[in-house]
Amino acid sequence: MRLVNTQSQYVRIFDTTLRDGEQSPGCSMTPQQKLVMARALAELGVDVIETGFPASSQSDREAAALIGRELRDTTLCVLSRCLPGDVQASARALEGSAKPRLHVFISTSALHREHKLRMSREQVLESIRSNVALARQYVDDVEFSTEDGTRTEEDFLQQAVAVAIAAGATTINVPDTVGFTTPEEMRSLFQRLIANVPGARDVVFSAHCHNDLGLAVANSLAAIEGGARQVEVSMNGIGERAGNCALEELVMALKVRGAFFNADTGIDTQRIVATSQLLQRLVGMPVQRNKAVVGANAFAHESGIHQHGMLRHRGTYEIMRPQDVGWPDTQMVLGRHSGRAAVEARLRALGYWLEEEELDTVFEQFKALCEKQRVVEDADLQALMQDGAESQGYRLASMTVGDAGHRARATVELSDPEGQRLFETAEGDGPVDALFAALASATGVDLKLESYQVHSVGLGADARGEANLSVRYEDREYDGTGTSKDIIEASALAWLDVANRLLRQRSAAKSEAVAA
Ligand code: KIV
Ligand code: ZN
C-alpha cells in the first residue's frame, strides 16, 4: 500500500561518493580531490557528505579533517566498523567538523555473521549496543547501518535496529548491500520496520542500495514509499561493484514524478551535470553516453521522427528540460537518421534561410555526407553551404608530407579558381611549416599567421582533427577552419579556407571599386 500524504515529504540526500564511491576500483581520490568534490556536493545541496573511513587509511583521515575544516554548513559523516578503535579514529577525524555524524555499521545477515564475522546473534547485538553508545559519547548525530540488512532474518533485523535506537542511534540505515532485493520487498520491509520496531518513529530511516541487478534507484524509491526519509546515493552511481543508487537519477525521479512520490529533496538540480562532469574528470571515469540525466545522449535526438516531434513540441520526447539538470539545451544530432526538418532548423540556427529547391540540394549533399561520417557537425553544414563560394577559390586535390634530411618536405596539388592544376613542393622546419610554404608558393598568397590550433572533434572512430587559423591582413582578421581525419590535411584545408576568404574579399573590394 502506498503512503498517501497531502504534504510533500523531505528526503535527505546522504552522498557517499567520497566513501562507497571512492573505494570502488578505479575511483580513488586524494584528500585534495575529495575536498574539490565535497565543495561541489555542498553547492549541489546534499544534506550529508560521507567523506571516508578513517580507520582504513591515513588518506581518509586527512580528507575528513581537510573537508571538516572548510565545509561548515553540511553534515559531514565518517564510517566505522563496530570496533572501539574504529569509532575512536572516526571521532578524532571529526574533531574539527561543525556538523559531525559518526556512522557505525556491522553485518547482520546469517551468512555474514557465520562466515565473515564468526559471531553469534547475541555477540552482534552486544557489539551494536556498545559501539553505538561509544559513538554517542563523541557526537549527538549517530547513524547505524545493518550491513546486508535486506538479507537478514527479519526478527533479528528488528532486534538489531531496536538495540541501536536504544543505544542512541539517530539514523537507521538498512543497506541492500549486494543489490539483491526487489522494490516491492524493499517498500514493505521499511513499512514493517517503522511500524514494529520500538522507537522507530523517533529516528530517521535510510536506504542504501547497490546496483548489482540495476535496481538501486527503483529500490531506493520504494524505500521512500515505505517511509525512508534519507537515501544514500553517489554521483554517477559510482560505488562497490555495479555501484550505488545514482544521485542524479533518484533526485530527478523524485522531481519529475513529484506528484507520484510526494517527496522532495534540497538538491539544486541545475548543478547536477557540472557536478557529474567534475567527478568524471577527477576520477577519470566517463559515464556512458546513454546514462540517464548526465550521459551525452540523455537529451540528444537523431531520428527523423523524434526530431520532427521535438521541433513541434519538446514534450513529445522529453520528460524534463535539459536546462533543469544543467545542460545548455537539447541536442539535435544530425546524422543518417535525421530528416529534412531538422537539417532545415539547424541551417536556420546557423543563419541560412533556404528556398525549397536549395534545401533539396543541400539535403542530398547532407545525406551523402552521412554515408561517410556518423555525425554531421555545424562546421560540416557550413562547409556544405560554402561549397558554391569555395568552388571559386583554390581546392586541395592531393598532398604528401615527408622527411627531407633534417627538414620536412611537402608537395601539394591544387586546382585554381579557373580549374587549372598547380603543383608545388616546399621545405620547412616541420610538416606543417613545409605544407604552408608549399601552399603559399602555389597560390602566391603569403599569409602571416597570428594563431594556429588543432584539436580533436568527436569521439572514437568518428574523431576528426579540426585546425583553426587566424591571420591579420590589412587591419582585418581572417579565420579559417579545416576538418579531416588527418590533422595535416585539416591544416591545409584551414589554410586554403583563409586564403580563399581573403581572395573573395579582395575580389569583392575590386568589384565595388569598378562599380563606383
Ligand atoms: O553496502 C553497505 O552495506 C555499506 C555499509 C557499510 C553502509 O556500504
Ligand atoms: Zn555500500
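Visitor: Which strands does helix α6 lie across, and at what angle does the helix run to β5?

Guide: Keep in mind that this is a predicted model. Helix α6, residues 121-138, lies across β5 and β6, and its direction is at about 170° to β5.

Visitor: What makes β6 and β7 a pair?

Guide: Pairing takes at least two bridges between the strands. Strand β6 (residues 142-147) and strand β7 (residues 171-176) have three, in the parallel sense, so they pass the cut-off. If you want a spot to look at, E143 stands opposite T171 in β7.

Visitor: Where do those strands sit in the barrel order?

Guide: The barrel closes from eight strands in the order β2-β3-β4-β5-β6-β7-β8-β9, with parallel pairing. From one strand to the next, the twist averages 25°. Helix α4 (residues 84-93) packs on the sheet too, touching β4 and β5, and its direction makes about 160° with that of β4.

Visitor: Why is the contact between R19 and E50 called a salt bridge?

Guide: The cut-off is 4 Å from a side-chain nitrogen of Lys or Arg to a carboxyl oxygen of Asp or Glu. Here the N to O distance is 3.0 Å, so the pair qualifies. R19 is in helix α1 and E50 in strand β3, so the bridge ties together parts 31 residues apart in sequence.

Visitor: How do you know whether R19 and E50 are buried or exposed?

Guide: Buried means under 20% relative accessible area. R19 comes in at 8%, so it is buried. E50 is at 0%, so it counts as buried as well.

Visitor: What about E22 and K34: what makes theirs a salt bridge?

Guide: Their side chains meet at 3.8 Å, N to O, and the limit is 4 Å, so this pair counts too. E22 lies in the loop between α1 and α2, while K34 is in helix α2, so the bridge links parts 12 residues apart in sequence. By this rule the count comes to 31 salt bridges.

Visitor: Why is E427 called partly exposed?

Guide: Partly exposed covers what lies between the buried limit of 20% and the exposed limit of 50%. E427 has a relative accessible area of 36%, so that's its label. You'll find E427 in strand β17, touching residues including A404, R407 and A437.

Visitor: Which residues make the nonpolar surface patch?

Guide: L449, Y452, V454 and I487 make a patch of about 310 Å². Strand β18 gives the most, with three residues, and I487 sits in helix α19.

Methods: Residues are numbered from 1 along each chain as its sequence is written. Chains are lettered from A and ligands numbered from 1 in the order in which they are written. This is a predicted model: local features need pLDDT of at least 70, side-chain atom pairs count only at pLDDT 80 or more; totals for chains, interfaces and linings use all residues. Side-chain values use heavy atoms; hydrogens and water are left out. Helices (H or I, at least four residues) and strands (E, at least two) are DSSP runs, numbered from the N terminus. Axes are lines fitted to C-alpha atoms, for helices over the stretch in contact, and angles run from 0 to 180 degrees between N-to-C directions. Contact means heavy atoms within 4.5 Å. Patches are made of residues with over 30% relative accessible area and no salt bridge: like charges are joined within 9 Å, nonpolar side chains (Val, Leu, Ile, Met, Phe, Trp, Tyr) within 5 Å. Accessible areas come from the Shrake-Rupley method with a 1.4 Å probe; for residues, only the protein chains shown count as cover. Buried means under 20% relative accessible area, exposed over 50%, partly exposed in between (1.4 Å probe, protein chains only). Lists of a residue's contacts leave out its neighbours within four places in sequence.
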